[in-house]
Amino acid sequence: MEYRTPFASRIPEMVRARKRTVLLTGAGVSAESGVPTFRGPDGLWRGRRPEELATPEAFARDPLAVWAWYQWRRERVAACAPNPAHHACAWLDRQLPEFQLITQNVDALHQAAGSRRVLELHGCIWKARCTREGTVQEDRATAIPESVPRCGCGAALRPHIVWFGEPLDGGVLAAATAAARTAELMLVVGTSAVVEPAASLPRLARQVGAYVVELNPEETPLSALCHEVHRGPAAELLPALLGYEAAP
Ligand code: BV8
(Lines give C-alpha, C1' and ligand atoms only; values in the text may rest on other atoms or scores of the structure.)
Protein backbone atom coordinates (compact mmCIF):
# COMPACT_ATOMS: atom_id res chain seq x y z
CA MET A 1 0.00 0.00 0.00
CA GLU A 2 1.60 3.30 -1.00
CA TYR A 3 0.44 6.36 0.85
CA ARG A 4 0.34 9.68 -0.93
CA THR A 5 -1.43 11.70 1.65
CA PRO A 6 -0.20 14.05 4.37
CA PHE A 7 -2.81 12.64 6.75
CA ALA A 8 -2.16 8.90 6.97
CA SER A 9 1.55 9.26 7.55
CA ARG A 10 3.45 6.46 9.24
CA ILE A 11 6.23 8.84 10.31
CA PRO A 12 4.97 9.47 13.89
CA GLU A 13 4.65 5.76 14.69
CA MET A 14 8.09 5.02 13.19
CA VAL A 15 9.73 7.81 15.18
CA ARG A 16 7.99 6.57 18.35
CA ALA A 17 9.30 3.08 17.53
CA ARG A 18 12.78 4.69 17.28
CA LYS A 19 13.38 3.27 13.81
CA ARG A 20 16.84 3.85 12.31
CA THR A 21 16.19 7.17 10.58
CA VAL A 22 18.09 9.00 7.85
CA LEU A 23 17.28 12.45 6.49
CA LEU A 24 18.57 13.64 3.13
CA THR A 25 18.15 17.39 2.64
CA GLY A 26 18.68 19.73 -0.29
CA ALA A 27 18.44 23.44 -0.92
CA GLY A 28 14.66 23.42 -0.39
CA VAL A 29 15.08 22.90 3.36
CA SER A 30 16.83 26.31 3.50
CA ALA A 31 14.40 28.04 1.14
CA GLU A 32 12.29 29.51 3.94
CA SER A 33 15.46 30.80 5.59
CA GLY A 34 15.95 32.94 2.50
CA VAL A 35 18.83 30.96 0.98
CA PRO A 36 18.26 30.86 -2.81
CA THR A 37 17.77 27.31 -4.11
CA PHE A 38 20.22 26.06 -6.65
CA ARG A 39 17.94 25.61 -9.61
CA GLY A 40 15.15 27.92 -8.64
CA PRO A 41 14.45 31.24 -10.40
CA ASP A 42 16.69 33.06 -7.89
CA GLY A 43 19.54 30.59 -8.46
CA LEU A 44 21.25 32.83 -10.98
CA TRP A 45 24.24 35.04 -10.20
CA ARG A 46 25.06 37.91 -12.59
CA GLY A 47 23.12 35.85 -15.17
CA ARG A 48 25.35 32.81 -14.75
CA ARG A 49 24.10 29.41 -13.64
CA PRO A 50 25.69 27.69 -10.63
CA GLU A 51 26.71 24.75 -12.80
CA GLU A 52 28.96 27.13 -14.79
CA LEU A 53 30.68 28.45 -11.67
CA ALA A 54 30.76 25.42 -9.36
CA THR A 55 33.44 23.60 -11.39
CA PRO A 56 37.23 23.17 -11.15
CA GLU A 57 37.46 24.48 -14.71
CA ALA A 58 35.74 27.75 -13.75
CA PHE A 59 38.12 28.13 -10.79
CA ALA A 60 41.17 27.42 -12.97
CA ARG A 61 39.93 29.89 -15.57
CA ASP A 62 38.92 32.71 -13.23
CA PRO A 63 39.47 31.97 -9.53
CA LEU A 64 38.58 35.52 -8.53
CA ALA A 65 35.12 35.31 -10.19
CA VAL A 66 34.45 32.02 -8.39
CA TRP A 67 35.59 33.52 -5.08
CA ALA A 68 33.38 36.56 -5.71
CA TRP A 69 30.39 34.26 -6.23
CA TYR A 70 31.05 32.39 -2.98
CA GLN A 71 31.58 35.59 -1.01
CA TRP A 72 28.28 36.89 -2.45
CA ARG A 73 26.59 33.67 -1.33
CA ARG A 74 28.28 33.80 2.08
CA GLU A 75 26.95 37.31 2.59
CA ARG A 76 23.42 36.06 1.78
CA VAL A 77 23.74 32.97 3.97
CA ALA A 78 25.16 35.05 6.86
CA ALA A 79 21.86 36.96 6.91
CA CYS A 80 19.81 33.74 7.09
CA ALA A 81 18.70 31.90 10.21
CA PRO A 82 17.62 28.29 10.55
CA ASN A 83 13.90 27.81 9.93
CA PRO A 84 11.46 25.39 11.65
CA ALA A 85 12.52 22.59 9.28
CA HIS A 86 16.14 22.88 10.44
CA HIS A 87 15.00 22.95 14.08
CA ALA A 88 12.79 19.90 13.51
CA CYS A 89 15.81 18.03 12.11
CA ALA A 90 17.87 18.97 15.18
CA TRP A 91 15.00 17.86 17.46
CA LEU A 92 14.86 14.49 15.67
CA ASP A 93 18.63 14.15 16.12
CA ARG A 94 18.09 14.50 19.88
CA GLN A 95 15.18 12.00 19.96
CA LEU A 96 16.68 9.05 18.14
CA PRO A 97 19.59 6.81 19.13
CA GLU A 98 20.20 5.78 15.50
CA PHE A 99 19.95 8.85 13.28
CA GLN A 100 21.92 10.43 10.45
CA LEU A 101 21.35 13.74 8.68
CA ILE A 102 22.89 13.88 5.21
CA THR A 103 22.81 17.27 3.54
CA GLN A 104 23.71 18.48 0.06
CA ASN A 105 23.66 22.04 1.37
CA VAL A 106 26.79 24.00 2.11
CA ASP A 107 25.11 26.71 4.25
CA ALA A 108 25.72 25.02 7.65
CA LEU A 109 22.21 26.01 8.79
CA HIS A 110 21.57 22.49 10.11
CA GLN A 111 24.50 22.87 12.50
CA ALA A 112 23.33 26.37 13.42
CA ALA A 113 19.99 24.81 14.45
CA GLY A 114 21.79 22.33 16.69
CA SER A 115 22.03 19.21 14.50
CA ARG A 116 25.09 17.21 15.59
CA ARG A 117 25.15 14.12 13.35
CA VAL A 118 25.51 15.92 9.99
CA LEU A 119 27.24 14.63 6.86
CA GLU A 120 27.94 17.51 4.42
CA LEU A 121 28.14 15.74 1.05
CA HIS A 122 29.18 18.86 -0.87
CA GLY A 123 31.35 20.69 1.67
CA CYS A 124 30.78 23.89 3.59
CA ILE A 125 30.68 27.50 2.40
CA TRP A 126 32.41 28.64 5.63
CA LYS A 127 35.57 26.63 4.92
CA ALA A 128 38.51 27.15 2.56
CA ARG A 129 41.06 24.57 1.39
CA CYS A 130 44.71 24.96 0.38
CA THR A 131 45.12 23.95 -3.27
CA ARG A 132 48.62 22.65 -2.48
CA GLU A 133 48.44 21.05 0.97
CA GLY A 134 44.74 20.15 1.01
CA THR A 135 44.45 21.55 4.55
CA VAL A 136 41.01 22.94 5.44
CA GLN A 137 40.43 26.05 7.51
CA GLU A 138 37.44 27.97 8.81
CA ASP A 139 36.93 31.08 6.65
CA ARG A 140 34.16 33.54 7.55
CA ALA A 141 35.25 36.37 5.21
CA THR A 142 32.42 37.79 3.09
CA ALA A 143 34.09 40.79 1.45
CA ILE A 144 34.68 40.29 -2.28
CA PRO A 145 38.48 39.74 -2.42
CA GLU A 146 40.80 41.98 -4.44
CA SER A 147 43.03 38.98 -5.12
CA VAL A 148 42.77 35.22 -4.69
CA PRO A 149 43.04 34.35 -0.97
CA ARG A 150 46.29 32.56 -0.17
CA CYS A 151 47.32 29.88 2.31
CA GLY A 152 50.26 30.50 4.64
CA CYS A 153 52.30 28.30 2.30
CA GLY A 154 51.64 30.81 -0.48
CA ALA A 155 49.37 28.57 -2.58
CA ALA A 156 45.86 29.69 -3.58
CA LEU A 157 42.97 28.87 -1.31
CA ARG A 158 39.76 27.49 -2.83
CA PRO A 159 36.30 27.10 -1.33
CA HIS A 160 36.02 23.75 0.52
CA ILE A 161 33.16 22.78 -1.73
CA VAL A 162 32.67 19.72 -3.98
CA TRP A 163 32.27 21.07 -7.51
CA PHE A 164 30.65 19.32 -10.45
CA GLY A 165 32.97 16.73 -11.88
CA GLU A 166 34.84 16.39 -8.55
CA PRO A 167 34.58 13.30 -6.36
CA LEU A 168 32.94 13.61 -2.96
CA ASP A 169 35.07 13.08 0.14
CA GLY A 170 35.47 9.28 0.33
CA GLY A 171 34.84 9.06 4.05
CA VAL A 172 31.72 11.23 3.93
CA LEU A 173 30.27 9.29 1.00
CA ALA A 174 31.03 5.94 2.66
CA ALA A 175 29.28 7.05 5.87
CA ALA A 176 26.28 8.36 3.93
CA THR A 177 26.04 5.15 1.91
CA ALA A 178 26.29 3.01 5.05
CA ALA A 179 23.50 5.05 6.67
CA ALA A 180 21.26 4.62 3.62
CA ARG A 181 21.98 0.87 3.55
CA THR A 182 20.80 0.41 7.14
CA ALA A 183 17.94 2.91 7.17
CA GLU A 184 14.46 1.84 8.27
CA LEU A 185 12.97 5.28 7.63
CA MET A 186 14.34 7.80 5.12
CA LEU A 187 12.99 11.33 4.76
CA VAL A 188 13.99 13.17 1.58
CA VAL A 189 13.44 16.88 2.13
CA GLY A 190 13.76 19.74 -0.37
CA THR A 191 15.86 18.24 -3.11
CA SER A 192 15.28 18.12 -6.86
CA ALA A 193 17.08 14.75 -6.74
CA VAL A 194 19.08 15.38 -9.92
CA VAL A 195 22.60 15.51 -8.49
CA GLU A 196 24.52 12.27 -8.10
CA PRO A 197 25.64 10.46 -6.05
CA ALA A 198 23.29 12.11 -3.49
CA ALA A 199 20.16 11.28 -5.48
CA SER A 200 21.00 7.55 -5.38
CA LEU A 201 20.93 7.36 -1.59
CA PRO A 202 17.12 7.17 -1.31
CA ARG A 203 17.06 4.52 -4.04
CA LEU A 204 19.58 2.51 -2.02
CA ALA A 205 17.48 2.88 1.13
CA ARG A 206 14.36 1.77 -0.73
CA GLN A 207 16.21 -1.27 -2.10
CA VAL A 208 17.05 -2.42 1.42
CA GLY A 209 13.46 -2.04 2.55
CA ALA A 210 13.44 1.43 4.14
CA TYR A 211 10.17 3.39 4.29
CA VAL A 212 10.88 6.41 2.09
CA VAL A 213 9.04 9.74 2.38
CA GLU A 214 9.45 12.81 0.18
CA LEU A 215 8.72 16.37 1.36
CA ASN A 216 8.76 18.78 -1.58
CA PRO A 217 6.29 21.20 -3.17
CA GLU A 218 7.17 19.69 -6.55
CA GLU A 219 7.38 16.25 -8.15
CA THR A 220 10.92 14.85 -8.47
CA PRO A 221 12.50 11.77 -10.10
CA LEU A 222 12.31 10.14 -6.64
CA SER A 223 8.59 10.73 -6.09
CA ALA A 224 7.49 7.50 -7.76
CA LEU A 225 9.61 5.33 -5.44
CA CYS A 226 8.40 6.97 -2.23
CA HIS A 227 5.85 5.36 0.14
CA GLU A 228 4.62 8.81 1.11
CA VAL A 229 4.83 12.09 -0.79
CA HIS A 230 3.95 15.34 0.98
CA ARG A 231 3.60 18.35 -1.26
CA GLY A 232 4.40 21.58 0.54
CA PRO A 233 7.11 23.67 2.21
CA ALA A 234 9.47 21.82 4.56
CA ALA A 235 9.26 24.50 7.28
CA GLU A 236 5.53 23.69 7.59
CA LEU A 237 5.43 19.98 6.77
CA LEU A 238 8.40 18.62 8.68
CA PRO A 239 7.49 19.95 12.15
CA ALA A 240 3.86 18.88 11.56
CA LEU A 241 4.77 15.36 10.45
CA LEU A 242 7.21 14.91 13.34
CA GLY A 243 4.89 16.45 15.89
CA TYR A 244 7.68 18.91 16.74
CA GLU A 245 6.75 22.30 18.14
CA ALA A 246 9.40 24.95 18.59
CA ALA A 247 9.69 26.26 22.14
CA PRO A 248 7.82 29.63 22.36
C1 BV8 B 1 30.86 13.26 -9.24
C2 BV8 B 1 28.29 22.44 -4.33
C3 BV8 B 1 32.42 11.74 -10.10
C4 BV8 B 1 28.44 23.62 -5.19
C5 BV8 B 1 27.02 20.87 -5.59
C6 BV8 B 1 29.87 14.72 -16.02
C7 BV8 B 1 31.13 14.70 -15.44
C8 BV8 B 1 31.31 14.40 -14.09
C9 BV8 B 1 30.19 14.16 -13.30
C10 BV8 B 1 28.95 14.21 -13.92
C11 BV8 B 1 28.77 14.45 -15.26
N12 BV8 B 1 27.42 14.41 -15.52
C13 BV8 B 1 26.75 14.15 -14.40
C14 BV8 B 1 27.67 14.03 -13.43
C15 BV8 B 1 27.42 13.78 -12.07
C16 BV8 B 1 27.25 15.16 -11.40
C17 BV8 B 1 25.78 15.45 -11.43
O18 BV8 B 1 25.05 14.82 -10.69
N19 BV8 B 1 25.35 16.38 -12.31
C20 BV8 B 1 23.92 16.65 -12.39
C21 BV8 B 1 23.70 18.15 -12.51
C22 BV8 B 1 23.37 15.88 -13.58
N23 BV8 B 1 27.75 14.99 -10.08
C24 BV8 B 1 28.97 15.40 -9.79
O25 BV8 B 1 29.70 16.00 -10.54
C26 BV8 B 1 29.44 15.01 -8.39
N27 BV8 B 1 30.71 14.37 -8.50
O28 BV8 B 1 29.97 12.71 -9.83
O29 BV8 B 1 32.15 12.86 -9.28
C30 BV8 B 1 33.87 11.53 -10.02
C31 BV8 B 1 34.35 10.41 -9.35
C32 BV8 B 1 35.69 10.19 -9.31
C33 BV8 B 1 36.58 11.11 -9.93
C34 BV8 B 1 36.08 12.25 -10.57
C35 BV8 B 1 34.72 12.46 -10.62
C36 BV8 B 1 29.59 16.24 -7.54
C37 BV8 B 1 28.22 16.85 -7.32
C38 BV8 B 1 28.35 18.00 -6.32
C39 BV8 B 1 28.15 19.31 -7.03
N40 BV8 B 1 28.12 20.37 -6.06
N41 BV8 B 1 27.05 21.83 -4.69
C42 BV8 B 1 27.96 24.82 -4.45
O43 BV8 B 1 26.99 24.70 -3.66
O44 BV8 B 1 28.52 25.87 -4.71
S45 BV8 B 1 25.52 20.26 -6.05
C46 BV8 B 1 24.30 21.40 -5.86
O47 BV8 B 1 23.11 20.71 -6.24
C48 BV8 B 1 24.03 21.86 -4.43
O49 BV8 B 1 24.83 21.27 -3.45
C50 BV8 B 1 22.61 21.39 -4.20
O51 BV8 B 1 22.36 21.07 -2.91
C52 BV8 B 1 22.62 20.19 -5.05
C53 BV8 B 1 21.32 19.53 -5.33
O54 BV8 B 1 20.40 20.51 -5.60
P55 BV8 B 1 19.17 20.62 -4.57
O56 BV8 B 1 19.71 20.72 -3.20
O57 BV8 B 1 18.23 19.54 -4.86
O58 BV8 B 1 18.62 22.03 -4.93
P59 BV8 B 1 17.71 22.41 -6.18
O60 BV8 B 1 17.70 23.90 -6.27
O61 BV8 B 1 18.10 21.60 -7.37
O62 BV8 B 1 16.25 21.89 -5.76
C63 BV8 B 1 15.59 22.50 -4.65
C64 BV8 B 1 14.41 21.61 -4.36
O65 BV8 B 1 13.75 22.14 -3.22
C66 BV8 B 1 13.38 21.58 -5.49
O67 BV8 B 1 12.95 20.25 -5.69
C68 BV8 B 1 12.24 22.44 -4.96
O69 BV8 B 1 10.98 21.97 -5.40
C70 BV8 B 1 12.36 22.22 -3.49
N71 BV8 B 1 11.85 23.30 -2.65
C72 BV8 B 1 11.77 24.62 -2.95
N73 BV8 B 1 11.25 25.27 -1.88
C74 BV8 B 1 11.04 24.34 -0.91
C75 BV8 B 1 11.41 23.09 -1.40
N76 BV8 B 1 11.32 21.96 -0.67
C77 BV8 B 1 10.82 22.07 0.57
N78 BV8 B 1 10.44 23.24 1.12
C79 BV8 B 1 10.53 24.38 0.40
N80 BV8 B 1 10.11 25.55 0.94
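Five residues of domain 1 are in contact (heavy atoms within 4.5 Å) with five residues of domain 2. The model is predicted: local features need pLDDT of at least 70, side-chain atom pairs count only at pLDDT 80 or more, and totals for chains, interfaces and linings use all residues. Residues are numbered from 1 along each chain as its sequence is written, and side-chain values use heavy atoms, with hydrogens and water left out.

**Domains and their interface**

Domain 1 comprises 11–35 + 82–122 + 167–242, and domain 2 comprises 40–79 + 129–161; such bounds come from an automatic or database domain assignment. Between the C-alpha centres of domain 1 and domain 2 the distance is 26 Å. The area buried between domain 1 and domain 2 is about 380 Å², with 63% of it from carbon and sulfur atoms. Buried area here is the accessible area (1.4 Å probe) that two parts lose on being put together, summed over both. In domain 1, the residues that lose the most area to domain 2 are Val-35, Val-106 and His-122, which together give 64% of what that side buries. The residues of domain 1 that touch domain 2 divide into two nonpolar, two polar and one charged. In this grouping Ala, Val, Leu, Ile, Met, Phe, Trp, Tyr, Cys and Pro count as nonpolar, Asp, Glu, Lys and Arg as charged, and the others, Gly among them, as polar. Between domain 1 and domain 2 the count of salt bridges is zero.

**Salt bridges**

A salt bridge is a side-chain nitrogen of Lys or Arg within 4 Å of a carboxyl oxygen of Asp or Glu. By this rule the count comes to eight salt bridges.

Arg-116 lies in the loop between α6 (109–112) and β3 (118–120) and Asp-93 in helix α5 (residues 84–95), so the pair ties together parts that are 23 residues apart in sequence. Helices (H or I, at least four residues) and strands (E, at least two) are DSSP runs, numbered from the N terminus. Arg-116 is exposed at 57% relative accessible area, whereas Asp-93 is buried at 0%. Buried means under 20% relative accessible area, exposed over 50%, and partly exposed in between (1.4 Å probe, protein chains only).

In the second pair, Arg-158 is buried at 8% and Glu-166 is buried at 19%.

Glu-219 is exposed at 60%, and Arg-231 is partly exposed at 33%.

**Individual residues**

Thr-220 also lies in the loop between β8 and β9 and is buried, at 9% relative accessibility. Not counting residues up to four places away in sequence, Thr-220 touches Thr-191, Ser-192, Ala-193, Glu-214 and Arg-231.

Leu-201 lies in helix α8 (residues 200–207) and is buried, at 3%. Leaving aside neighbours within four places in sequence, the contacts of Leu-201 include Leu-24, Ile-102 and Thr-177.
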